[in-house]
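Please look over the sequence and the structure shown here before reading on.

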Amino acid sequence: MFGIPGKQAVTITPSAARQIARLMARDGTQGLRIGVKKGGCAGMEYTMDYVSEVNPLDEIVEQDGARVLIAPMAQMFLIGTEIDYETGLLESGFKFRNPNVAEACGCGESIKFKDMPAG
């Protein structure tokens with residue numbers, strides 16, 4: 001929908017691809033859908049949901065057995081994003097490195113996009 005011909009909308013690191021493939025196999029899903037919604041202290045939040053049925057309007061990125069689907073309304077916000085999975089002593093989880101983000105809250109789970117009107 002908003003993609004650049006010949007270029008994936010998002011990139012997935014090998015660590016993220018392994019984790020997504022594990023989750024897909026464990027739960028028998030079609031992939032992981034990412035999106036954005038209003039919320040959080042900076043105005044927007046990322047969403048991640050298991051997918052049992054692919055929406056034909058989703059942007060699909062596949063790599064090493066992992067499938068990420070980008071919700072139609074989130075595609076313009078996520079172009080160029082790198083999805084990583086980091087494991088640490090205190091916490092592990094998916095991290096989004098998104099060039100479209102202007103601000104993020106201290107916890108990193110709430111974001112504000114460039115050229116987005118204040119809510």
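Predicted model: local features only at pLDDT ≥ 70, side-chain atom pairs only at ≥ 80, totals over all residues.

Residues are numbered from 1 along each chain as its sequence is written, and side-chain values use heavy atoms, with hydrogens and water left out.

**Salt bridges**

- A search of the whole structure finds 8 salt bridges, a salt bridge being a side-chain nitrogen of Lys or Arg within 4 Å of a carboxyl oxygen of Asp or Glu.
- Another joins the side chains of Glu62 and Arg67 at 2.9 Å, N to O, and here Glu62 is partly exposed, with a relative accessibility of 48%.
- Between Lys95 and Glu91 the closest N and O atoms of the salt bridge are 3.8 Å apart; Lys95 is partly exposed at 31%, whereas Glu91 is exposed at 57%.

- Thr81 belongs to strand S6, residues 81-87 (strands, E, of at least two residues are DSSP runs, numbered from the N terminus), and with 1% relative accessibility Thr81 counts as buried.
- The side chains of Thr81 and Asn98 are joined by a polar contact of 3.2 Å, which is a pair of N or O atoms within 3.5 Å; within protein, one must be able to donate a hydrogen and the other to accept it, and residues adjacent in sequence count only if both atoms are side-chain atoms.
- Apart from neighbours within four places in sequence, Thr81 has contacts (heavy atoms within 4.5 Å) with Ala9, Val10, Thr11, Phe96, Arg97, Asn98 and Pro99.

**Aromatic pairs**

- The structure holds 2 aromatic pairs, where rings of Phe, Tyr and Trp (its six-membered ring) pair if their centres lie within 6.5 Å, with planes under 30 degrees apart counted as stacked, over 60 as edge-to-face and the rest as tilted.
- The rings of Tyr46 and Phe96 are stacked, because their centres are 4.2 Å apart and their planes lie at 15°.
- Tyr46 lies in strand S3 (residues 44-51) and Phe96 in strand S7 (residues 92-97), so this pair ties together parts that are 50 residues apart in sequence; both Tyr46 and Phe96 are buried.
- Tyr85 and Phe94 form an edge-to-face pair, because their ring centres are 5.0 Å apart and their planes are at 70°, and Tyr85 is buried, with a relative accessible area of 17%.

Key. Buried < 20%, exposed > 50% of the residue type's maximum accessible area, 1.4 Å probe, protein only. Helix = DSSP H or I, 4+ residues; strand = E, 2+ residues; numbered from the N terminus.
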